[in-house]
Amino acid sequence: ADHTRLKNYIEAMQQVDIAAYNRDVQRAYWINLYNALTLDRVLDAYPVDSIRDIGGSLISSGPWKKRYLTIDGEKLSLNDIEHRILRPIWHDGLTHYGVNCASMSCPDLSTQAYTGDNVYTLLRENARDYVNSPAGVRFDDGELVVSSIYDWYGQDFGGNDRAIISHLRRFADPARSTRLDMRDTIDDYAYDWALNDEANMSDDR
């Protein structure tokens, strides 16, 4: 029943004339739609070990390239939403804390829907939660290991190690910020693509 409601929500969202709204509402709309479609794709394929196993082929994997949506007469994919709409329009890096890829190392899915009024507040809360989690930033035997998100989309966070670390310090708690302040390079990146479902959850997440 809930999955049916989700599909109905996605269908209703495709009927919205989003261009008629202000930029904050637009950003909230595209993040909500991205996350809803991601959940729908996972639920349609479930059980699955990773979102990368959905709709894959020998050349590519995952559901990101297929155009499942039609908005204002244009067919769109998850990649289109993230890389043609959200990232090019909003250059603050916060998008990465909002869109969810259903993987263990992805920033957590917000428990609230994004709205024009709360979108920046929630994205910053997500950023703080992620940067202060082992999935976002951790120190392994003195080495600074951060999420591969900061490698794949480094330009969105300043384009070099110093800028990325500066970004991380903005959202880090005092103790973590102090440790980051002593670093000017990133030692390694990591990412766990296992599906973020109950079976894979652990106490340190």
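**Surface, fold and core**

Tutor: The accessible surface of the protein chain is about 11000 Å², and carbon and sulfur atoms hold 45% of that. Areas come from the Shrake-Rupley method with a 1.4 Å probe; for residues, only the protein chains shown count as cover. This is a predicted model: local features need pLDDT of at least 70, side-chain atom pairs count only at pLDDT 80 or more, and totals for chains, interfaces and linings use all residues. Residues are numbered from 1 along each chain as its sequence is written, and side-chain values use heavy atoms, with hydrogens and water left out.

Student: How many helices and strands are in the protein chain?

Tutor: Seven helices and five strands. These are DSSP runs numbered from the N terminus: helices are H or I with at least four residues, strands are E with at least two. The order along the sequence is α-α-β-β-α-α-β-β-α-α-α-β.

Student: Why call the protein chain as compact as a globular protein of that length?

Tutor: Its radius of gyration is 17 Å, close to the 17 Å that the globule rule gives for 205 residues, so the chain is as compact as a globular protein of that length. The radius is taken over C-alpha atoms; the rule is 2.2 Å times the number of residues to the power 0.38.

Student: Which residues touch the most other members of the largest nonpolar core?

Tutor: W30, L33 and Y150, in a core of 57 residues. Helix 2 (residues 23–45) gives the most to this core, nine residues. Such a core is a set of buried Ala, Val, Leu, Ile, Met, Phe, Trp, Tyr and Cys residues joined through side-chain atoms within 4.5 Å. Buried means under 20% relative accessible area, exposed over 50%, partly exposed in between (1.4 Å probe, protein chains only).

Student: What is Y150 in contact with?

Tutor: Leaving aside neighbours within four places in sequence, the partners of Y150 include Y97, Y130, F157, H167 and Y189. Contact means heavy atoms within 4.5 Å.

Student: New topic, backbone. Where is the cis peptide bond?

Tutor: Between Y46 and P47, with omega about 0°. P47 sits in the loop between helix 2 and strand 1 (69–71). Most peptide bonds are trans.

Student: And D141: buried or exposed?

Tutor: Exposed, because its relative accessibility is 84%. D141 has a positive phi near 50°. Its loop runs between strand 3 (137–140) and strand 4 (143–147).

Student: What about phi of D72?

Tutor: Near 50°, again positive in a residue other than glycine. D72 is in the loop between strand 1 and strand 2 (74–76).
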